[in-house]
Structures are given as C-alpha cells and as structure tokens.
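Thanks for coming. I will go through one structure this morning, and I would ask you to keep the display open while I talk.

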Amino acid sequence: MKFIIDNWYLILIAAASGVMLLLPALRGASGGSLSAAAAVHLINREKAVVIDVCEPEEFAAGHVNGAKNLPLSQLEDKLPTTVKNKQLPVVLVCASGARAVRAEATAKKLGYEKAQALAGGMKAWRDAGLPVEKA
C-alpha cells in the first residue's frame, strides 16, 4: 500500500498510457476495417460495388476505378437505386475513411449487410499503389 501512495503518479501515467493505446482499437482505428488489398479481392472475386461518398469535386480529383459517386448526404436516398442487389458486397470509400464509416452504418441500416468501409480511404488506396481514375 505504501508503494501505491508513494508512486500514485506512476500508476496514473501507466493507466493513461493504457487508455491511449486502447482508444484507437475501440474507435475503429483509421476509419473502417477493410484494407486496400481486401477491397481489391472483393472487387475482383466477389463483384463488389465501390461507392465513393465524397463530394463531386473530391470525386473528380481522383477515385477508385469504376467507383460510383454518391455523396454521404444523398446515400440513404440513392443507394437502393444504385445497388439493387443487397447481397453484393459494397465497398464504401472517402478521402480519409471517416465518412465511409458513417456511410457503412447507413448502408447496413438499409439492409446491405456486406457493406464495408475502406480503412484509410483514398489515401490508403493511393499509398498501396492502386490505380486511381480522374473524372
């Protein structure tokens, strides 16, 4: 007990460090759980539909080859008409991955159980050296 009283600040630092290490895992790390390589696998093998939830200006600057642009604000209204088959995997992409995570929640609410957000967004896609299309 004397050790705890004498070294309370060390225990506080250790606890704070532990919380900071666990925080990214609890929040979903870099936005999404799907790696760029796994996304390519879904696109090539399972005919996944790629939906870019960026604004049109961002989409025009660069997007995944074959992606369809549905801004996050329009996703709930337009996703059912864009992707009619709810059994197909849906890969959701944005610039950094944060909007894609919100889009994933919306898609799952609409019944797209195989919807997944690309971790790291277009930045991770480019970093992996994968092809980018410009409109």
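The crossing of α5 and α6 is right-handed, a term used when the near helix is turned clockwise from the far one by less than a right angle, whereas anticlockwise counts as left-handed. Before I go further, this is a predicted model, where local features need pLDDT of at least 70 and side-chain atom pairs count only at pLDDT 80 or more, while totals for chains, interfaces and linings use all residues. Numbering starts from 1 along each chain as its sequence is written, and side-chain values use heavy atoms, with hydrogens and water left out.

Helices here are DSSP runs of H or I with at least four residues, strands are runs of E with at least two, and both are numbered from the N terminus. Back to the pair: the axes of α5 and α6 come within 10 Å and cross at roughly 20°. Those axes are lines fitted to C-alpha atoms, for helices over the stretch in contact, with angles from 0 to 180 degrees between N-to-C directions. So α5 is roughly parallel to α6; the classes are under 35 degrees for roughly parallel, over 145 for roughly antiparallel, 65 to 115 for roughly perpendicular, and oblique for the rest.

Which residues make the contact? From α5 they are Leu 72, Leu 75, Glu 76 and Leu 79, and from α6 they are Arg 99, Arg 102, Ala 103, Thr 106, Ala 107 and Lys 109. Contact means heavy atoms within 4.5 Å. By class there are five nonpolar, one polar and four charged residues. In that scheme Ala, Val, Leu, Ile, Met, Phe, Trp, Tyr, Cys and Pro are nonpolar, Asp, Glu, Lys and Arg are charged, and the others, Gly among them, are polar.

Next, the cores. A nonpolar core is a set of buried Ala, Val, Leu, Ile, Met, Phe, Trp, Tyr and Cys residues joined through side-chain atoms within 4.5 Å. Buried means under 20% relative accessible area, exposed over 50%, and partly exposed in between, with a 1.4 Å probe and protein chains only. The largest core has 18 residues, and Ile 51, Leu 79, Leu 92 and Tyr 112 have the most contacts inside it. Two or more residues each come from β1 (49-52), α5 (72-82), β4 (90-93), α6 (98-109) and β5 (115-117). The largest share, three residues, is from α6. Apart from this core lies another, of 14 residues, including Leu 34, Ala 67, Val 91 and Leu 118.

Now some single residues. His 63 sits in strand β2 (residues 63-64) and is buried, at 4% relative accessible area. Beyond its neighbours within four places in sequence, His 63 is in contact with Asp 52, Met 122, Pro 131, Val 132, Glu 133, Lys 134 and Ala 135.

Lys 47 is in the loop between α3 (36-46) and β1. What is its phi? About 55°, a positive value, although Lys 47 is not a glycine. Most residues other than glycine have a negative phi. Lys 47 is exposed, with a relative accessible area of 57%.

Lastly, Ile 5 is in helix α1 (residues 2-6) and is exposed, at 57%. Its C-alpha atom is 54 Å from that of Gly 111, which is 106 residues away along the chain.
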